[in-house]
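Welcome! Please take a moment to look over the chain shown here, and then let us walk through it together, topic by topic.

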Amino acid sequence: DKTSHSGKHSVKIEKNTEDGIAGWVQRASYVTPGKRYQISVWLKTDGMSGNLDFKRGANLSLIFHMKDLPFMVYETTFLQGTQDWRQQKLIFIVPEGCSEMRLLLAIHSTKGKVWWDDVSVAEIPTAEVSALKEIKEDEMDQYGGWKKIKGKTTGFFHTENIGNRWLIITPEGNGFI
């Protein structure tokens, strides 16, 4: 298929049933525990149909296999229906104790077509804590969240509306962005 966002090629997956998952998995050995990264991908969907709900459609997932825990997952929202090229991004910190990270581009529990293109992973340099004069190091959690802004502790990065502002909250429940 010659459909692509940029360049000459993209990854295309076509799924003809609503059962299960179809996708592409890539092992990522180039990330370092404790470092912050951003992954970006462009995707286009066509005819995603069936019983569409919260966990159905096309998305990007990062699966971290841990030495002492089963696994940890970061994922984007699920795209459904027919949509032109859209970019999805995830900012993540590779957990300490991570033995392997896998990137999964997949269609979950629906039928249709999806194209993925321009997948990139880039390290995000962390700010020097000493340069942040208003925030002391002991006021930040291990993910860089500020302990004075409290949200729900979920074990995952998530969004939360606090004081009429949407914030990204760290797994420990502290304000991040």
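## A briefing on this predicted model

At 27% relative accessibility, D118 counts as partly exposed, a label for residues between buried (under 20% relative accessible area) and exposed (over 50%), worked out with a 1.4 Å probe and protein chains only. This is a predicted model, in which local features need pLDDT of at least 70, side-chain atom pairs count only at pLDDT 80 or more, and totals for chains, interfaces and linings use all residues. Residues are numbered from 1 along each chain as its sequence is written, and side-chain values use heavy atoms, with hydrogens and water left out.

- D118 sits in strand β8; strands (E, at least two residues) and helices (H or I, at least four) are DSSP runs, numbered from the N terminus.
- The phi of D118 is positive, about 50°, although D118 is not a glycine.
- For background, most residues other than glycine have a negative phi.
- S6 belongs to the segment before β1, and with a relative accessible area of 34% S6 is partly exposed.
- Along the sequence S6 and D118 are 112 residues apart, yet their C-alpha atoms are 7.2 Å apart in space.
- Setting aside neighbours within four places in sequence, S6 is in contact with D117 and D118, where contact means heavy atoms within 4.5 Å.
- The side chains of S6 and D118 are joined by a polar contact of 2.7 Å. A polar contact is a pair of N or O atoms within 3.5 Å; within protein, one must be able to donate a hydrogen and the other to accept it, and residues adjacent in sequence count only if both atoms are side-chain atoms.

**Another positive phi: S109**

- S109 is a residue other than glycine with a positive phi, near 50°.
- The loop between β7 (98-108) and β8 (111-124) holds S109.
- S109 counts as partly exposed, at 22% relative accessibility.

**The chain as a whole**

- How many helices and strands does the protein chain have? There are zero helices and twelve strands.
- The protein chain has 177 residues, and 36% of them count as buried.
- Take the contacts between residues at least 6 apart in sequence: 69% of these join residues at least 24 apart.

- Four strands make an open sheet in the order β1-β8-β3-β6, paired antiparallel; two strands pair if DSSP finds at least two bridges between them.
- At the edges are β1 (11-15) and β6 (81-93), each pairing on one side only.
- On average, neighbouring strands of this sheet are turned by 20° against each other, direction ignored. The angles run from 0 to 180 degrees between N-to-C directions, and the axes are lines fitted to C-alpha atoms.
- Strand β3 (residues 36-49) runs antiparallel to β6, with ten bridges joining them.
- Y37 has F92 in β6 as its bridge partner.

**The sheet that holds β7**

- β7 is mostly covered, as nine of its eleven residues are buried.
- Eight bridges join β7 to β2, and the two run antiparallel; here V25 stands opposite L104 in β7.
- Ten bridges join β7 to β4, also antiparallel, and A58 stands opposite I107 in β7.
- β4 (residues 57-66) pairs with β5 over four bridges in the antiparallel sense, with L62 opposite Y74 in β5.

**The nonpolar core**

- The largest nonpolar core has 30 residues, of which L62, F64, Y74, F92, V114 and W116 touch the most other members. Such a core is a set of buried Ala, Val, Leu, Ile, Met, Phe, Trp, Tyr and Cys residues joined through side-chain atoms within 4.5 Å.
- The elements that give two or more residues to this core are β3, β4, β5, β6, β7 and β8.
- Not counting residues up to four places away in sequence, V114 touches residues including V11, I13, L43, M48, A58 and I107.
- As a general rule, nonpolar side chains tend to be buried together in soluble globular proteins.
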